[in-house]
There are 2 protein chains.
Amino acid sequence: MSGIVKTPEPPYYAVIFASERTEGDRGYGIMADKMVELAARQKGFLGVESARDDQLGITVSYWDSIESIKVWKENSAHKVAQEKGRAEWYKNFSLRVCRVERHSFFEM
Amino acid sequence: MSGIVKTPEPPYYAVIFASERTEGDRGYGIMADKMVELAARQKGFLGVESARDDQLGITVSYWDSIESIKVWKENSAHKVAQEKGRAEWYKNFSLRVCRVERHSFFEM
């Protein structure tokens, strides 16, 4: 199931990040990869799912607790990326912190 | 902010649907559009965000309550689409029901 994250039993937490990009790469691709690598090393990280087309990008990261999300939000390299996102990469974005109440998986 | 849904103040609910498609369209595109139209007419629907690339598709729909999500899940035309999804369109998928605890928006 590459792409789909097999998370543990709920409850756990999801951060839904939806974004509309500015034109051109402007170093975005490299930084995005770096941030996924870095997030994956954080305590409480459960996985990430991501898709992007011409209209919109959606990245959902999964975490064991609100505490782990807060620590990641304050990570200094992540803060630099957040700043660059606001200044250069994104036209619009939304960020939602959610508690996952239940889930199901299907494999063909 | 086309693409990004301006939802009301939390709490509200999100259904995160991530999927890996089978090869070919097989009537998927038309049905997907129909389902968004139909969902938009359901009580308690707050909006939908969607992105798909070669790896993965992510669709997040927003709802006012768990009750509204249940009613939509049981909608008869939606049930037909769910069946076709399992039989023809998806290799793998995950479905997560979440309570949105907080959100923020950024516009350039």
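**Stop 1: the nonpolar core.** Select Ile16(A), Ile58(A), Val60(A), Ile16(B), Ile58(B) and Val60(B). In the largest nonpolar core, which has 26 residues, these six touch the most other members. In chain A, pick S1 (12-21), S3 (57-63) and S4 (90-107); in chain B, pick S1 (12-21), S3 (57-63) and S4 (90-107). Each of these strands supplies at least two residues of the core. Keep in mind that this is a predicted model.

**Stop 2: Val60(B).** Centre the view on this residue and show its contacts, skipping neighbours within four places in sequence. From chain A, Ile16(A) and Ile58(A) are in contact with Val60(B). From chain B come Ala14(B), Val15(B), Ile16(B), Gly47(B), Val48(B) and Glu49(B).

**Stop 3: two helices of chain B.** Select H2 (residues 66-74) and H3 (residues 76-89) of chain B. Their axes lie 5 Å apart, and the helices pack at an angle of about 70°. Angles of 65 to 115 degrees count as roughly perpendicular, so that is how H2(B) and H3(B) stand to each other. Next, show side chains where they meet. H2(B) brings Trp72(B), Lys73(B) and Glu74(B). H3(B) brings Ser76(B), His78(B), Lys79(B) and Gln82(B). By type, the residues of this contact are one nonpolar, three polar and three charged.

**Stop 4: both chains.** Zoom out and superpose chain B on chain A. A turn of 180° with a shift of 0.0 Å along the axis does it, at an RMSD of 0.0 Å. The two copies are therefore related as by a two-fold rotation axis. Finally, select the contact residues of each chain. Both copies use the same surface: 100% of the contact residues of chain B recur in chain A.

Methods. Residues are numbered from 1 along each chain as its sequence is written. Chains are lettered from A and ligands numbered from 1 in the order in which they are written. This is a predicted model: local features need pLDDT of at least 70, side-chain atom pairs count only at pLDDT 80 or more; totals for chains, interfaces and linings use all residues. Side-chain values use heavy atoms; hydrogens and water are left out. A nonpolar core is a set of buried Ala, Val, Leu, Ile, Met, Phe, Trp, Tyr and Cys residues joined through side-chain atoms within 4.5 Å. Buried means under 20% relative accessible area, exposed over 50%, partly exposed in between (1.4 Å probe, protein chains only). Helices (H or I, at least four residues) and strands (E, at least two) are DSSP runs, numbered from the N terminus. Contact means heavy atoms within 4.5 Å. Axes are lines fitted to C-alpha atoms, for helices over the stretch in contact, and angles run from 0 to 180 degrees between N-to-C directions. Angles under 35 degrees count as roughly parallel, over 145 as roughly antiparallel, 65 to 115 as roughly perpendicular and the rest as oblique. Ala, Val, Leu, Ile, Met, Phe, Trp, Tyr, Cys and Pro count as nonpolar, Asp, Glu, Lys and Arg as charged, and the others, Gly among them, as polar. Copies are superposed by least squares on the C-alpha atoms of residues with pLDDT of at least 70 in both.
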